[in-house]
Structure formats: C-alpha cells, structure tokens
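Subject: Structure handover

Hello,

Here is the structure to look through, with notes on what was found in it below. Please read the notes with the model open.

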Amino acid sequence: MRRYSVPKKRGGKMVAFLVIAIVSIVIIGVVLFNIRLQIVQRPFRDFKLLSIREVFQYAFGEANVQVSLFGSVKVSGKNEMNDTYTAIVSKDGIFIQINGTAQPDVEDVYKEIYTRALYKIVMTTPLSDYESSDPKAFLSYLNNIAIEYYKENEKDYLRITGSDKEGNILEISYAITKFGGKFKVTAEKLVINGKELNSSAMRVTLAKIYKKEIDKDLIEAVKNSFLKDFQKVSIGEVFSKLSNLRWTIKDETSKIVELNGIEKIEENEVALTIGFRINEDGDTVVDYLLLNGEKVDEKAIVYYISYIYSKYGYADKEKDIAKFKDLILKSRLPNGLSTFQEFFDKNFSEVQWDMYYKPNSYEFVVSGKTRAKNTPVELRFISTPDGLYLAESVYGSEKAKSDIVINNILNESLQVSQTDILSVVMNGKIVKYSPVQSNKVAFESFLKSPVWQYDSNADRVVLSGIGKYGSRNWNFKFVFETFFGKEPVLEYVYMDGIQAIDEVVDYIVSKVFKVDTLGNNLTELVKNTIFTYKTYEEILGPIGWSIDRQYDRVVFSSSNLNVYFSVEPSGKVNVVQLFYKGQDMSTKAAEIVKLLEDGGSLESLEKKKTQESQQPPQEEKEQQQPEAPQMGQF
C-alpha cells in the first residue's frame with residue numbers, strides 16, 4: 001500500500017510562538033512590577049513600623065501607587081486641605097513633593113507624614129486594657145491638642161498634649177507596636193502639669209478619659225490620686241502621716257474608700273474618719289468627714305483637709321492667698337465708702353500678705369505701715385463656712401477692733417496738712433533726670449506771676465501763671481496729684497482753659513525742665529497728621545524734620561522747601577509759614593501742600609506762575625472781584 005504524507009501548516013507554529021512570547025512578556029512584566037512594588041513595601045530609614053505605602057495609606061486614607069517598569073515608583077495621597085503629597089521612590093533614594101514642588105528636607109516631611117499615620121492608628125485602634133472604649137475619647141477630654149512623634153528603645157511613640165477643662169496640661173505617651181499585621185496601642189506614660197503619674201494614678205486618669213469603670217484596686221487608686229485643690233501630692237502620701245492608719249472599702253459600688261486614723265488637731269488627739277469617693281468624672285473627692293464619730297458640716301470639710309495638708313507642709317499657701325486676696329480687695333470697708341483695694345493703695349506702704357490654716361477657718365493677715373506716719377498696722381480677716389469677716393486687728397503695738405484700726409488710719413491721712421502737700425509738689429521733681437533743682441525752680445522760671453494753691457475738694461495742687469508758647473502768651477494751669485502723698489505727678493495742663501494733649505504737655509515740660517528729648521513727640525504728631533487724605537510725612541517725606549525751640553515750631557526742611565508748623569493745645573496742626581527757594585509763599589501754603597499731596601511737583605507750580613505772568617492783564621472789573629477764601633487746614 002502506498003503511503004502519502006501530508007505536510008503541516010507553518011502558520012500553526014507561528015501562532016504558538018507568539019502566544020509563548022506574549023505569556024513570557026506578561027510574566028516578566030508581572031515579575032518586574034512586583035519587584036518594583038517591593039520598593040514601597042519596605043520602611044524608610046528608621047521609620048520601621050510601617051512601610052512607605054502603609055504610611056501614605058494611614059496618613060491620607062488612600063495611597064495611589066504608580067509603578068514604572070524601568071523607572072521609579074510613586075506613592076501619593078491628599079490631606080484634608082486637598083494638598084497632594086507624593087513620594088518618588090527608586091534605587092537612588094526617595095524624593096517628596098507637595099503639590100508638585102520638591103521638598104528639600106525629605107526626612108522632616110516624611111516624619112510629618114509618619115506622625116500623621118501613627119495619629120490615625122491611635123485614633124482607630126482601641127487602647128490596650130480599654131478595648132471596649134472609644135479610641136477617640138481623648139478628643140472630647142482635651143483641648144488644644146498637639147501631637148509629637150519620638151522613638152525610644154527602638155519603639156515608636158506618639159505624644160499627645162492638651163489641656164483639660166480645669167486648665168491642667170496633660171501629656172500622654174502612646175506606644176504603637178505591630179504583631180501579626182495588627183496594631184497594639186498602649187498608654188505608657190502620663191504627665192500632668194510636668195509631673196509624671198505612677199501606674200495607679202495614671203489608671204484613674206485614663207479611666208476618666210476613656211470612661212472605664214474602676215472595679216479593682218480601688219484603695220490603691222484612691223491613695224495614688226489627688227484632691228482637686230491639692231495637686232502637688234497624692235492622698236496616700238499626705239494621710240500616711242496619721243497614726244493607727246487603716247484603709248477599707250466602704251462601698252465598692254459607689255467607689256467609696258474610708259480612712260480611719262488618729263490625728264492631733266490643736267494639741268488634741270482626734271479619731272479621724274474620711275470617706276473618699278471616686279466620682280463619675282474620675283475625680284477623687286471627700287464624701288464625708290467625722291471627728292470622734294461626729295459628722296463635720298459639708299462646708300467646713302475643706303478647712304479641716306487644708307489644715308492637715310498645711311500641717312505636713314503640703315498646702316499651697318500662695319495659691320490660697322491669691323484666691324482670697326481678690327475677694328478681700330473687692331470688699332468694701334465697714335463704712336462702705338471705698339473698697340479695701342482703694343484703702344490699701346492710698347493709706348498703706350510695705351504691704352504684705354500672710355495666711356494661717358485653722359481646723360475650721362482660714363486667717364489672712366495684711367500688714368504694713370501707714371503712709372502718713374509710718375505706724376505699723378495689721379488687719380486680720382477670717383474665712384469660715386459662714387463667710388468672710390474682719391477680726392481683731394493691730395494698730396501700732398495695740399490690739400483693737402478692726403473698725404477702730406481703720407478709723408485711726410483714715411484720721412492719720414486727714415491730718416496731713418495742705419502745707420505738707422504743697423511742699424511735696426513744690427520741692428519734688430516730676431522729671432528726675434533734669435538738671436533743674438525742683439518743680440518750684442523749673443516752673444517759676446517759665447511762668448510770670450506764678451501762684452501755687454491746694455484744692456482741697458479735688459485733693460490736687462494747682463499752679464497758675466502766664467507762659468509763652470509759640471507766638472503768644474497763654475494763661476497756664478498745671479494740676480498735680482501726689483502719688484501716695486510722697487511723689488508729685490503732673491496730671492493735667494490747661495492753656496486758656498483748653499486741656500492740652502499729651503504731646504503738647506511733654507513739649508512744654510521739656511522746655512520747663514530743659515530736657516529736649518521729652519518734646520520730640522511733637523514732631524511725630526505733626527508728621528502723622530492728615531492733610532486731606534495723606535499725612536504730612538507721606539506728603540513731604542520722612543527726612544528733614546526738626547523742632548525750632550525758640551519759636552516752638554515743628555520744621556520741615558529740604559534743599560528748596562521749608563515748612564513751619566504750629567501745634568495748638570488741642571492738637572490742631574497749622575502751617576504757619578512756607579518758603580520755596582527762599583521765597584515766602586505762605587499765602588499759597590494750602591495750594592502747595594495739596595499739589596504735593598496729589599503727586600504734583602513744585603516745578604509745575606513755577607511753570608504755572610510763569611504762564612500766568614505772561615497772560616495779558618484782566619479787565620479792571622474782574623480785578624476788583626474779591627478772592628475766594630482758602631479753605632481747609634490753613
């Protein structure tokens with residue numbers, strides 16, 4: 001039998017070859033893609049907890065990855081402000097852009113993104129030992145939150161700082177670790193107002209923040225906590241000083257721990273029973289207090305507790321004085337005429353405050369000397385549950401009722417004679433560094449017919465006389481008060497009945513006491529005065545200003561222009577003279593200043609003047625028409 005062979009088609013081999021080639025390319029591409037992708041699946045430098053991709057994922061909620069087979073890998077994300085952060089990672093390193101702009105400090109920017117990522121993890125991962133609580137609970141407990149990343153012992157920490165509603169500054173250090181792809185967040189350190197809490201006290205505070213029930217170690221939690229008004233030392237440290245001390249759980253449900261012990265109060269040994277309760281906010285408070293089995297009134301408890309804290313050196317005396325000082329100073333004297341603040345300021349010198357803790361009260365002592373006669377004085381105030389009142393005080397070396405002591409002090413002040421007050425003002429000196437000997441010498445060399453008087457109604461010394469300012473004489477009246485009866489102070493100056501502004505007063509005082517620098521503010525007043533819409537300094541420039549002290553004028557001078565200003569007592573500024581290239585043009589001062597204010601030049605004014613001189617003379621009828629008066633500042 002003859003055999004026939006049928007030749008195979010070459011096209012089939014070609015298709016198979018192409019399929020194999022395409023598959024190979026795809027496989028190679030996938031391999032290269034995965035190799036490139038591994039670049040962003042690794043951490044960057046010491047930021048080892050998260051890969052680069054994870055950092056962007058947690059920081060921005062979404063990480064967009066773009067892989068180039070033969071180039072770099074880009075990871076990007078957007079923050080709440082829609083700013084785009086992009087990390088460009090290659091074998092040469094990492095580069096970061098924000099909105100397309102390259103950042104020079106790559107590590108600092110990456111640290112910022114890394115910190116943001118850890119913060120998101122803390123916000124979404126339940127705190128260890130508080131797994132049933134909302135991880136975001138600290139946001140409602142703290143205000144003005146700040147976050148900071150740091151590394152310690154190869155572990156990543158996020159420190160969150162903020163203030164609670166009482167104004168305490170809290171710093172919570174969270175450690176973030178990763179096991180089997182899951183994160184664990186642990187609060188490892190808690191600092192309040194710069195003081196690190198022990199583990200028990202930290203547990204109480206964290207329970208307040210994360211709203212967790214404190215159902216164990218109740219006694220330790222109370223002993224290691226702090227009373228609200230005594231933040232310097234724990235409850236256990238203070239009350240460990242008592243003898244025969246015993247701590248018991250009185251009511252576990254209400255979280256009441258009872259302390260029993262023996263304490264010496266004012267030389268008498270007393271059986272002391274205190275019930276401490278952890279309230280719903282997590283604060284430890286005194287629920288009740290018994291002395292020898294007798295219950296103390298709720299309002300009086302704070303005095304006994306303060307007495308015990310002060311006895312062992314734990315009371316904050318300065319804080320307690322400040323707390324009651326304001327209340328005392330705002331209270332009125334028994335006669336109701338003034339407050340104690342006004343009374344002390346006017347009649348006392350060398351004032352000192354002190355405080356004594358009693359079992360059922362606070363005693364405040366204000367000591368000093370009377371200004372009139374330097375008599376030693378002590379005023380004693382007592383704070384009890386019933387209120388604040390004056391107790392027996394001391395005047396000189398004698399004890400007396402406080403209203404008698406106050407009257408003695410007021411009588412001393414009334415005995416200061418008018419002559420004494422006049423002498424204080426006349427022989428004093430309101431400008432200490434002046435070469436002039438006294439107020440009397442200074443003012444009497446400035447005024448004609450000076451008259452010194454004491455105004456008993458206003459309790460002021462008044463000096464009247466005629467003095468020269470500018471181009472004329474003025475009727476001056478200088479009003480002085482005495483600071484605590486010993487130091488003269490110039491209060492007001494009147495010129496022809498007009499109260500002079502401070503700049504004019506300072507200038508006149510500079511003339512009286514021969515201290516020129518005191519009057520320099522007069523120049524600043526003129527420079528800052530507005531003509532129509534610009535200040536004179538803006539119109540004329542900042543350089544070339546001075547004071548002509550012979551005529552009491554502020555002067556602006558340049559190569560071609562000289563302008564002289566007067567300042568009235570009320571502060572009104574006037575241009576009194578204007579010279580351009582030596583020519584007196586004072587009658588056109590308003591026109592010239594307005595020209596300069598509008599951006600014109602004096603050269604244009606000269607051209608205008610030349611053009612006007614070349615025009616034919618106007619009709620006699622027109623020449624006889626009166627000029628329109630100049631309006632405005634001049």
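Lys 178 and Glu 54 form a salt bridge, with their closest N and O atoms 2.9 Å apart. A salt bridge here is a side-chain nitrogen of Lys or Arg within 4 Å of a carboxyl oxygen of Asp or Glu. Lys 178 lies in strand S8 (residues 169-179) and Glu 54 in helix H2 (residues 52-60), so the pair ties together parts that are 124 residues apart in sequence. Helices (H or I, at least four residues) and strands (E, at least two) are DSSP runs, numbered from the N terminus. Both partners are partly exposed: the relative accessible area is 29% for Lys 178 and 22% for Glu 54. Buried means under 20% relative accessible area, exposed over 50%, and partly exposed in between (1.4 Å probe, protein chains only).

Before the rest, some conventions. This is a predicted model, in which local features need pLDDT of at least 70 and side-chain atom pairs count only at pLDDT 80 or more, while totals for chains, interfaces and linings use all residues. Residues are numbered from 1 along each chain as its sequence is written, and side-chain values use heavy atoms, with hydrogens and water left out.

Other salt bridges

The whole structure has 28 salt bridges. In one of them, Lys 250 pairs with Glu 258, the closest N and O atoms being 3.9 Å apart. Lys 250 is exposed, with a relative accessible area of 53%, whereas Glu 258 is buried at 11%.

Lys 527 and Glu 537 also meet through their side chains in a salt bridge (3.9 Å, N to O). This pair links distant parts of the chain, 10 residues apart: Lys 527 is in helix H15 (residues 521-527) and Glu 537 in helix H16 (residues 536-540). Lys 527 is buried, at 9% relative accessible area, and Glu 537 is partly exposed, at 24%.

Buried positions

Ile 113, in helix H3 (residues 106-124), is buried, with a relative accessible area of 1%. Leaving aside neighbours within four places in sequence, Ile 113 is in contact (heavy atoms within 4.5 Å) with Val 55, Phe 56, Ala 59, Phe 60 and Tyr 85. Ile 113 and Phe 56 are 57 residues apart in sequence, and their C-alpha atoms are 7.3 Å apart in space.

Ser 225 sits in the loop between helix H6 (218-223) and helix H7 (235-239) and is buried, at 5% relative accessibility. Its side chain makes a polar contact with the side chain of Thr 284 at 2.7 Å. A polar contact is a pair of N or O atoms within 3.5 Å; within protein, one must be able to donate a hydrogen and the other to accept it, and residues adjacent in sequence count only if both atoms are side-chain atoms. The side chain of Ser 225 also reaches the backbone oxygen of Val 222, at 2.7 Å.

In helix H10 (residues 340-347), the buried residues are Phe 340, Phe 343, Phe 344 and Asn 347. Seen down the axis of H10, these fall within an arc of 95°, so they line one face of the helix. The arc is that of the directions from the helix axis to the C-beta atoms.

Regards
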